[in-house]
Amino acid sequence: MSKERNIPYYLLNNSTIIGLVLLPFAIVKRSFKDWVIVYLVSIIGNYFADSYLVSKGYIKYKNKLFKNVKIHLPFDYIHYPLLLLYYNQWTLNSRPIGIFFKAIILITPQIILETLAERKTKLIRWKKGWSWYHSFLSMILKLLLCRSIIAIIRIINKGKISV
């Protein structure tokens, strides 16, 4: 394999390792239970959303860590849940407008990286009219949905100690 063809694998492997290293720091904080819930909700949502988009042919992952798996495991199980954890922690005491604008601030670099990966590497391919703004909108909606779920859980648990 040529050096140029290895670049997507280096990018994928290194970003996965960095995500795995950062993950414990995002979960092991005050409100541990909330962060585990956020992480698990994110994984479940990502799995179903990505499975649907791949099965319908909107997104294709050519270079994957595991060839038999159709979805992008590092993104669905590590990268995006980690992003979501930090987003929820960042917006913990924010007002609705701040929650929305912080989502845009956090997702924009992710979309830029995804767009570059789609154009310059073979990590991801968009098909059937899918483009960067579809990814942008879907990520924003997932961030806001998960943030709403954690807000509801906090309202339900108000006054109780979260371990």
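This is a predicted model: local features need pLDDT of at least 70, side-chain atom pairs count only at pLDDT 80 or more; totals for chains, interfaces and linings use all residues.
Local features are reported at pLDDT of at least 70 and side-chain atom pairs at pLDDT 80 or more, while totals for chains, interfaces and linings use all residues. Residues are numbered from 1 along each chain as its sequence is written, and side-chain values use heavy atoms, with hydrogens and water left out.

**View 1. The protein chain holds five helices and two strands.** Helices (H or I, at least four residues) and strands (E, at least two) are DSSP runs, numbered from the N terminus. Along the sequence, their order is α-α-β-α-α-β-α. Of the 163 residues in the protein chain, 39% are buried; buried means under 20% relative accessible area, exposed over 50%, and partly exposed in between (1.4 Å probe, protein chains only). Contact means heavy atoms within 4.5 Å. Among contacts with a separation of 6 or more, 74% link residues 24 or more positions apart.

**View 2. Helix α2 spans residues 32-55.** Its 24 residues reach 34 Å from the first C-alpha to the last, close to the 34 Å expected at 1.5 Å a residue. That expected span is 1.5 Å times one less than the number of residues. Look along α2 for its buried residues, including Asp-34, Trp-35, Val-38, Tyr-39, Asn-46 and Asp-50.

**View 3. Helix α2 crosses helix α5 (residues 132-156) at roughly 145 degrees.** The two axes come within 10 Å; axes are lines fitted to C-alpha atoms, for helices over the stretch in contact, and angles run from 0 to 180 degrees between N-to-C directions. The crossing of α2 and α5 is right-handed. By convention, a crossing is left-handed if the near helix is turned anticlockwise from the far one by less than a right angle, and right-handed if clockwise. On the α2 side, Asp-34, Trp-35, Ile-37, Val-38, Val-41 and Asn-46 meet Lys-142, Cys-146, Ile-149, Ile-150, Ile-153 and Arg-154 of α5. Sorted by class, this contact of α2 with α5 has eight nonpolar, one polar and three charged residues. Here Ala, Val, Leu, Ile, Met, Phe, Trp, Tyr, Cys and Pro count as nonpolar, Asp, Glu, Lys and Arg as charged, and the others, Gly among them, as polar.

**View 4. Helices α3 (residues 73-90) and α4 (residues 96-120) cross at roughly 145 degrees, with a buried threonine in the loop between them.** The axes of α3 and α4 come within 10 Å, and their crossing is right-handed. From α3, Phe-75, Tyr-80, Leu-83, Tyr-87 and Trp-90 take part; the α4 partners include Ile-99, Lys-102, Leu-106 and Gln-110. This contact of α3 with α4 divides into ten nonpolar residues, one polar and one charged. Thr-91 sits in the loop between α3 and α4 and is buried because its relative accessibility is 0%. Leaving aside neighbours within four places in sequence, Thr-91 is in contact with Ile-99, Lys-102 and Arg-147.

**View 5. Two of the structure's four aromatic pairs are shown here.** Rings of Phe, Tyr and Trp (its six-membered ring) pair if their centres lie within 6.5 Å; planes under 30 degrees apart count as stacked, over 60 as edge-to-face and the rest as tilted. Tyr-47 and Phe-48 are edge-to-face because their planes are at 75 degrees, with ring centres 5.3 Å apart. Tyr-47 is partly exposed at 35% relative accessibility, whereas Phe-48 is exposed at 55%. Trp-132 and Tyr-133 are also edge-to-face, at 5.8 Å centre to centre and 90 degrees between the planes. Trp-132 is partly exposed at 44%, and Tyr-133 is partly exposed at 43%.
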